[in-house]
Amino acid sequence: MKILITGANGFVGSSIVDYISSYQFKNLLHKNSEQIIINCMVRKSSNVKRLNSIIEKIDKIKNISLNFVYGDIREPQTLSDAIKGVDIIIHCAALLRTNNVQEYYDVNHIGTKNLLETIRLHNPNLKCLIAISSQAVSGPCDKNQKKSVDEICAPVSHYGKSKLLAETELLKYSKIITTIVLRPGPIYGPYDKDMFLYFQYAKKGLLPIFSNEFFIQFTFIDDLANVCTKIIEFILDKTKKINPGIYFVAEEKCYSIEELKDIFSETVGKKIKIFKLPSFVAYSYAYINELVHKFLFKKPAVFNRDKLNELKQKYWLCHSSTIKEILDVKYTPLIDGIRKTYQWYKENKWL
Ligand SMILES: NC(=O)c1ccc[n+]([C@@H]2O[C@H](COP(=O)([O-])OP(=O)(O)OC[C@H]3O[C@@H](n4cnc5c(N)ncnc54)[C@H](OP(=O)(O)O)[C@@H]3O)[C@@H](O)[C@H]2O)c1
């Protein structure tokens, strides 16, 4: 069994690599007694520190090997060798932040199209493509009512729009490529840099918000990695079945801003004050943050105007039980996930 993971060195990709290579998957290896080869697609410029530490860790586990393959999804000619002969692809490569809006579309939309076309040409017998999409594709809900996968998508950010275009391509090719699209909510967990900002604020006793009301569901990284692993298990096990299609992946419980405040407060052991940034202040802060990161730190900011367009919406809710029931998995309650994540940040001196 050969698995290719694009974006393998990113937060989600490397967490999935780690999860698949861990003990949970060993039972499956015993059953099938076949070797699992995980090909991690990275770029020459990628930081592969975490992947190297996973390689060191799994070296001793029989039947799993981890290799690097090089490819850039914007350049189709770099993809064919990596795609030939693999059974499953988990497509995590994407651009989540940039100083140049067009790049969202080049990487997320055109990059995904390049991947699909390369699969069509070089690996028509691929067993399954698992594409990591995003709740940003469906967009927020009008009211406190969860969105389902068949509702019309209305993304509010360039990131979300580019991921919607990627899903449109995935749908077009789904007639010839078996595809499962996963739409996680905001993903948090060890190694995450986005939600990390909230932990930093929580340590200072603050919780910034951008609209008067805010209801949201979250995805703990291990839950997403578990879903991907179970899908592989289903594909290997002929007695189990999962239909191709789109699935939200997130804890079902919706959290209000007050509940988030309490969870952070309990976790960091500090009283937390919610503060709402007026629109013009939030916009100016996002813009200045972009400029500072661009010119001073030479990298795109996590908090930017595109992200602000998402954060100022009130309801980010979705129906996420379907895949949970099919695969018979559980979602981690936010309080447990936040505690584990906080612990990890502390142990690894991020906080
Ligand atoms: N993080 C979240 O909260 C969240 C929520 C919902 C959905 N998702 C989805 O989850 C997936 C992974 O996100 P993440 O949080 O892991 O982001 P990340 O940490 O920024 O990782 C992105 C990965 O994509 C790679 N990549 C970027 N441009 C590429 C290109 N042109 N060719 C090949 N690889 C490229 C990056 O490689 P380099 O290191 O070389 O740049 C990196 O490995 C994405 O599809 C994202 O849309 C994330």
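Modeller: Let's open with I232, which counts as buried because 21 C-beta neighbours sit inside 10 Å. The cut-offs: buried takes 20 or more other C-beta atoms within 10 Å of a residue's own, exposed 12 or fewer, and partly exposed is in between, with C-beta atoms placed from the backbone. Bear in mind that this is a predicted model, where local features need pLDDT of at least 70 and side-chain atom pairs count only at pLDDT 80 or more, while totals for chains, interfaces and linings use all residues. Residues are numbered from 1 along each chain as its sequence is written.

Biologist: Which helix holds I232?

Modeller: Helices here are DSSP runs of H or I with at least four residues, strands are E runs of at least two, and both are numbered from the N terminus. I232 falls within residues 221-236, and that run is helix α8.

Biologist: Which residues does I232 touch, leaving out those up to four places away in sequence?

Modeller: A contact needs two C-beta atoms, placed from the backbone, within 7 Å. By that rule, the partners of I232 beyond four places in sequence are I3 and I88.

Biologist: What is the phi of Y191?

Modeller: Most residues other than glycine have a negative phi. Y191 sits in the loop between β7 (187-188) and α7 (196-203). It is not a glycine, yet Y191 has a positive phi of about 80°.

Biologist: And D328, is that residue buried or exposed?

Modeller: D328 lies in the loop between α12 (321-327) and α13 (334-347), and has a positive phi of about 55° without being a glycine. Because there are 8 other C-beta atoms within 10 Å, D328 is exposed.

Biologist: On to the strands: which residue in β5 stands opposite I90?

Modeller: Two strands pair if DSSP finds at least two bridges between them. Strand β4 (residues 88-91) pairs with β5 in the parallel sense over four bridges. In that pairing, the residue opposite I90 is I130.

Biologist: How many of the five residues of β5 are buried?

Modeller: Strand β5 spans residues 128-132 and is mostly covered. The buried count is four.
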